[in-house]
Amino acid sequence: MSEKLSIVLTGNPENVETTIKNLSNEPLAEEIFLISNQESNGKGYKTILSSKPFSTDTMKKIAGAVKTDYFVFILKETDFYAGQFCFERFLSVAKETEAGIFYSDFYDIKNNETVAHPVIDYQLGSVRDDFDFGDAVLIKTSLFREAAENLNEEYDYAGWYAVRLAISREARLFHLPEFLYTMVETDTRKSGEKQFDYVDPKNRSVQIEMEKALTEHLKQIGAYLKPEYDEIKFENDFPVEASVIIPVKNRAKTIGDAITSVLKQKTDFNFNIIVVDNYSDDGTTEVIKGFTTVDPRVIHIIPERKDLGIGGCWNVGLFDPRCGKFAVQLDSDDVYADETTLSRIVETFYKEKSAAVIGSYKLTDFNLNEIPPGVIDHREWTPENGMNNALRINGLGAPRAFYTKILREIKVPNISYGEDYAVGLAISRNYKIARIYEPIYFCRRWEGNSDSALSQEKINRNNFYKDKIRTIEILARIKKNREK
């Protein structure tokens with residue numbers, strides 16, 4: 001194949017010296033462009049001067065610089081090693097599939113060990129700004145140029161995100177499950193340590209831009225919803241005002257703390273605790289029974305079914321006749337921050353007339369000592385645009401509480417990851433979600449957390465499921481708008 005490619009990468013020259021040397025030997029590499037804040041046209045490359053590699057301005061500079069029909073965009077500042085006939089494969093499959101963006105699986109070098117890094121297929125709901133394409137993508141230049149030139153918003157951070165969303169409206173984004181290159185991975189933290197990066201307060205300005213970019217994309221595809229909420233009228237035919245639902249399996253070490261934090265709540269209404277014990281065999285069952293003998297508010301349920309995930313256990317508690325007007329979440333690892341948590345949640349329901357209330361939480365270690373990044377208030381979600389922005393973020397926060405009547409209509413998916421997010425999206429399609437931005441919940445991070453150190457395959461399964469939920473929601477919203 002004689003067609004040539006341009007290659008665009010980011011970073012300071014001294015940090016990508018190895019990559020530039022490797023790419024210079026690639027037979028398909030016609031020109032190499034380095035996005036850098038240092039003016040330096042070194043040997044084998046040209047500089048695109050920019051201090052913000054993913055800004056609107058940089059996207060337009062790339063569009064003006066690249067002359068080949070396709071170019072490779074290397075998204076991280078690290079060492080890149082092309083596999084056998086890597087770029088030939090990139091180009092041939094992209095042309096055969098008419099892909100606007102092509103990407104593949106790859107290898108990571110972590111701590112001097114080479115490990116496989118598979119990624120997932122792109123779908124309609126893959127609208128997260130942190131969707132994992134890997135570290136290199138092939139892009140059809142004409143589509144990139146059109147998208148970049150039509151960017152009306154001056155983004156500092158969301159330029160690339162807005163461009164790839166625009167390309168997805170015009171052409172397919174194609175994933176080839178072949179390991180075509182190798183990159184050096186410099187972030188070797190476990191999954192449980194990385195998952196809160198995007199909600200770090202220092203990234204707030206980034207999140208605002210990403211929200212603007214997604215909102216424009218939803219408008220373009222007919223999935224944007226105006227903030228017009230269905231009215232909520234609370235009914236009173238419930239045995240208690242609120243029920244705290246705790247699904248649990250094998251948490252003998254923490255379930256007692258969770259239940260105790262609920263029993264300490266000071267309220268002017270009646271409440272109970274529904275603990276759905278999913279066949280624990282480590283002593284958890286005995287701990288729960290110890291509470292039921294001294295406090296009738298603690299309800300212990302062992303489901304008849306043995307095929308339930310966390311969502312299925314939620315349904316057991318939700319549809320129990322003892323469930324209250326408001327169903328409030330508490331994970332078996334965690335505790336409420338103080339004795340006012342439940343009252344604040346119920347008060348917010350009435351004040352905001354919402355179908356759901358979501359609070360904020362503080363990350364702690366097992367002994368409740370605060371750990372970085374501290375308070376997670378999910379301010380990347382905004383009340384003005386929450387019906388739409390919920391599609392971009394990867395979670396809505398905790399603790400979550402729902403008007404039981406509405407949640408019984410929607411029902412919780414019988415899964416153990418993303419079930420809360422699926423419910424939140426479904427509610428946000430029609431109803432108002434209220435927020436409490438002060439921490440009312442302690443989320444304990446310890447080695448027993450189910451998400452403390454996930455494999456790449458498990459991360460991919462989780463992300464693919466959430467993207468699938470987003471796909472369903474986007475299709476439902478397009479349908480809703482069409483039927484108005």
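**Exercise 1. Find which helices line the second largest pocket, and describe that lining.**

Step 1. Begin with the helices: α4 (141–149), α5 (159–168) and α7 (204–221) each supply at least two residues of the lining. Helices here are DSSP runs of H or I with at least four residues, strands are runs of E with at least two, and both are numbered from the N terminus. The model is a predicted one, in which local features need pLDDT of at least 70 and side-chain atom pairs count only at pLDDT 80 or more, while totals for chains, interfaces and linings use all residues. Residues are numbered from 1 along each chain as its sequence is written, and side-chain values use heavy atoms, with hydrogens and water left out.

Step 2. Look at α7, which gives the most to this lining, with 5 residues.

Step 3. Now take the lining as a whole: 19 residues line the second largest pocket, and N150, L151, A166, R169 and E216 lie nearest its centre. A pocket is an open set of points on a 1 Å grid over the protein atoms alone, with protein on both sides within 12 Å along at least five of seven lines; a cavity is a set where a 1.4 Å probe fits but cannot get out, and lining residues have an atom within 4 Å of a point.

Step 4. Sort the lining by class, and you get 9 nonpolar, 4 polar and 6 charged residues. Here Ala, Val, Leu, Ile, Met, Phe, Trp, Tyr, Cys and Pro count as nonpolar, Asp, Glu, Lys and Arg as charged, and the others, Gly among them, as polar.

Step 5. Finish with the volume, about 400 Å³. A volume is the space filled by probe spheres set on the grid points, which are joined across faces, edges and corners.

**Exercise 2. Describe how α4 and α5 cross, and list the residues that meet.**

Step 1. Recall that two packed helices are described by the angle between their axes and the distance between the axes.

Step 2. The axes of α4 and α5 come within 9 Å and cross at roughly 120°. Axes are lines fitted to C-alpha atoms, for helices over the stretch in contact, and angles run from 0 to 180 degrees between N-to-C directions.

Step 3. The two helices are therefore oblique to each other. Angles under 35 degrees count as roughly parallel, over 145 as roughly antiparallel, 65 to 115 as roughly perpendicular and the rest as oblique.

Step 4. The crossing of α4 past α5 is right-handed, meaning that the near helix is turned clockwise from the far one by less than a right angle.

Step 5. From α4, L143, F144, A147 and A148 meet W160, V163, A166 and I167 of α5, where contact means heavy atoms within 4.5 Å. By class, this contact of α4 with α5 has 8 nonpolar, no polar and no charged residues.

**Exercise 3. Work out how α8 is placed against α9.**

Step 1. Helix α8 (residues 255–263) and helix α9 (residues 284–292) have axes that come within 9 Å and cross at roughly 25°. That makes α8 roughly parallel to α9.

Step 2. Here α8 passes α9 in a right-handed crossing. On the α8 side the contact is made by I255, G256, I259, T260 and L263, and on the α9 side by T284, V287, I288 and F291.

Step 3. By class, the contact of α8 with α9 has 6 nonpolar, 3 polar and no charged residues.

**Exercise 4. How many cavities of 30 Å³ or more does a search of the whole structure find, and what lines the second largest cavity?**

Step 1. The search finds 2 cavities of 30 Å³ or more.

Step 2. The second largest cavity holds about 40 Å³ of space. Its lining is made of Y229, W381, P383, G386, M387, S428, Y431, K432 and I433.

Step 3. These lining residues divide into 6 nonpolar, 2 polar and 1 charged.
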